Number of protein chains: 2
Amino acid sequence: MSSKMKFCLNIPTRLIFGAGELNNLSKLSLPGKKALIVISGGTSMKRYGYLDRLQAQLAKAGVDSVTFDKIMPNPIKSHVNEGAALCVQEKCDFVIGMGGGSSIDSAKAIAIVAAGGGDFWDYVQGGTGGGRPIARALPIVAIPTTAGTGTEVDLWGVVTNEETQEKMGFGSPMIYPALAIVDPELMVTVPPRLTAYQGFDAFFHAAEGYIGKAHTPISDLYALEATRLLYKYLPVAVNDPNNLWARIKVAWASTLAGMVESTSCCTGEHAMEHAMSAFYPDLPHGAGLIALSQSYFKTFKNDAMKRYMKMTEKMTQAKSARPSDFLDALARMQRQCGVDDLRLSDWGITEADFERFADNAIATGQAMLDLDPRFLNREEIIDIYRDAFK
Amino acid sequence: MSSKMKFCLNIPTRLIFGAGELNNLSKLSLPGKKALIVISGGTSMKRYGYLDRLQAQLAKAGVDSVTFDKIMPNPIKSHVNEGAALCVQEKCDFVIGMGGGSSIDSAKAIAIVAAGGGDFWDYVQGGTGGGRPIARALPIVAIPTTAGTGTEVDLWGVVTNEETQEKMGFGSPMIYPALAIVDPELMVTVPPRLTAYQGFDAFFHAAEGYIGKAHTPISDLYALEATRLLYKYLPVAVNDPNNLWARIKVAWASTLAGMVESTSCCTGEHAMEHAMSAFYPDLPHGAGLIALSQSYFKTFKNDAMKRYMKMTEKMTQAKSARPSDFLDALARMQRQCGVDDLRLSDWGITEADFERFADNAIATGQAMLDLDPRFLNREEIIDIYRDAFK
């Protein structure tokens, strides 16, 4: 454990947290004079008036804006390149991502390409990525309208190369948002099922960061608080979507879990899920994680026993006697959120996919697999997919 | 509590934590080409070789340096102005504070005057300060060799105007250190008595920030972990000074408590102590806090009952049934550190001082007094001094 007392902490993002805070955006110091607003190709940002409110706040602050509204739930490379071209053409000097992780991650990717030129895949490390260093990026403002990714306070993003079927993470200190506005009022419109998927994404950022080899004293603090809050409040938010207090707690837990991603790191579960949703783009990331989770965490229950028990004790506020208590608590939470019945086959996945999933996870996610409590070989990874399929 | 779920988090400092990390300074990206090194007028930075090691690391990184070695335990305005003049004359483009809080706080003050000109007192808010806004500062690197102030990760400093006997805090987001290197190996040379004084300074940053009105969900997380660690490890570090593991834990707790100062704030106890050491410069800040602490915290035990009990439970890892359990735990910790017998009279303070102390605390520290769990009037402040004197 001594070696774990060496670590770095540097999250430069200015985080503004609170219900209603989008309405105060015009009073904040913004990092530019003309914004590219990046939102999804869906209708919710317009239908709920969030885009109008953002544009009105920017106008009030004397900031021009242009909107790019094509991002898909699993964002793709060609949209990043298209958004960056628009950003350059319109002479935008910062990028605002508003929406779920897909919009904010795309804003990050656009900020890289708009500042450095070229094709986005040039900047991706690993897989077929070009490995070009990310030397700079336009300033980024993140306004999440879902509670899950934590991307508003981390240095990561995920984009899929639709030509090669690689869903790849990318990261750089350059893409920490300069400003993050986490306004839980924007989240009450998220339907129960998506609330659960996204909330479990946050939960696994925290839980993986806690059991993984990259954990640090500061990530532990964030991770244990995030898992505690999600165990208590995610079922409330799922079953009572208009409960603002639960939305606030879940939003804060998600941001804390994002801070785990910046001070520890996700592990193999995320690598294995990225492989699945690379081949099955309709599979929501959180649903894939939930479907894998029992099989994944069961694999390591004897490798990180104390951490499993400590995390369970924080979640349940009761003594834990064995690491499998964590699996029980996780199952209970999934039952309370109505997502205990997810199966990989629900999205058309078959046993025939496991080998290519494993190969893809290893090719694109080895850095995360390396942080698992114990190293898994290809056969063991396939075993987890198989176990999760049952 | 709902209102407390609105908050801002922004600590841009890059923190490098770990035993031996001073030896890696040359590998880090430094914020300039020529440093003014600010250290105390004492001998320890030279005697223990810390200054030599710092200069060697800078040379290895190709960074020039000039040393200003006059800072006193309670740093004074005239030294700040003198250091700033040297900084400008030598064309230094960043400032390194190495040592206790006095050296790092002086480095912050020098960075303000060197960048903005004028007299340091122009920039102080309140008291006889000029109230000039702090628009910029040279980049600051903080290398604490004591565990107590937390100034390496906060936006505060404290300097005394020796002409007016005002010990005043100053603060600005401009003076967050760009880089903080917290190397607990540098702390094993601190003698037991000072270890205790400094450790309790950190403890009160956390405890005040936790019970005070400015607390936030993130400061609570930092504060509870800091008080837990200090309750457990400060007595070990005091009684076994070469115990590096205890030094590491105490150093981390002190940095966490500094993060409390950046996300919550100190309260009236600090204002009342600053008044004491303004008139009695030989009184160590931590000793003054310890001498006041039982009387101060007793005053609010019915105003923040739940917080007193929650903090006690984290510290002692046992159920708490009443807020006075905190006073008992505090007394136990002070006994174990050999500082339970401090009296204000030990430094020549008499009952005749109480009125001027109270007036000074109100004049220079009203902003902190305003954050107490309940507002105290002048008579109640005098009562705390009187009770602490008994």
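**Strands across two chains**

Biologist: Over how many bridges do strand E1 (residues 7-9) of chain A and E2(B) pair?

Modeller: Strands are DSSP runs of E with at least two residues, helices are runs of H or I with at least four, and both are numbered from the N terminus. Two strands pair if DSSP finds at least two bridges between them. A:Phe7 stands opposite B:Phe17 in E2(B). The two strands run antiparallel, and the number of bridges is three.

Biologist: What pLDDT do local features need in this model?

Modeller: Residues are numbered from 1 along each chain as its sequence is written, while chains are lettered from A and ligands numbered from 1 in the order in which they are written. This is a predicted model in which totals for chains, interfaces and linings use all residues, side-chain atom pairs count only at pLDDT 80 or more, and local features need pLDDT of at least 70.

Biologist: Which element gives the largest share of the side of chain B that touches chain A?

Modeller: Residues are in contact if their C-beta atoms, placed from the backbone, lie within 7 Å. Chain A and chain B each bring 17 residues to the contact. The largest share, four residues, comes from E2(B).

Biologist: Which strands lie at the edges of the open sheet of seven strands?

Modeller: Its order is E4(A)-E3(A)-E5(A)-E6(A)-E9(A)-E2(A)-E1(B), and the pairing is mixed. An edge strand pairs on one side only, and here these are strand E4 (64-71) of chain A and E1 of chain B.

Biologist: Why is strand E3 (residues 34-40) of chain B largely enclosed by the rest of the structure?

Modeller: E3(B) has parallel partners, with six bridges to strand E4 (residues 64-71) of chain B and four to strand E5 (residues 94-99) of chain B. A residue is buried if 20 or more other C-beta atoms lie within 10 Å of its own, exposed if 12 or fewer, and partly exposed in between. E3(B) is largely enclosed because its buried residues number six of the seven.

Biologist: How many residues are in the largest nonpolar core?

Modeller: Such a core joins buried Ala, Val, Leu, Ile, Met, Phe, Trp, Tyr and Cys residues through C-beta atoms within 7 Å. B:Val95 is among the members that touch the most others; its contacts include B:Leu36, B:Ile110 and B:Leu138. The number of residues in this core is 282.

Definitions and conventions:
Contact = placed C-beta atoms within 7 Å. Lists of a residue's contacts leave out its neighbours within four places in sequence.
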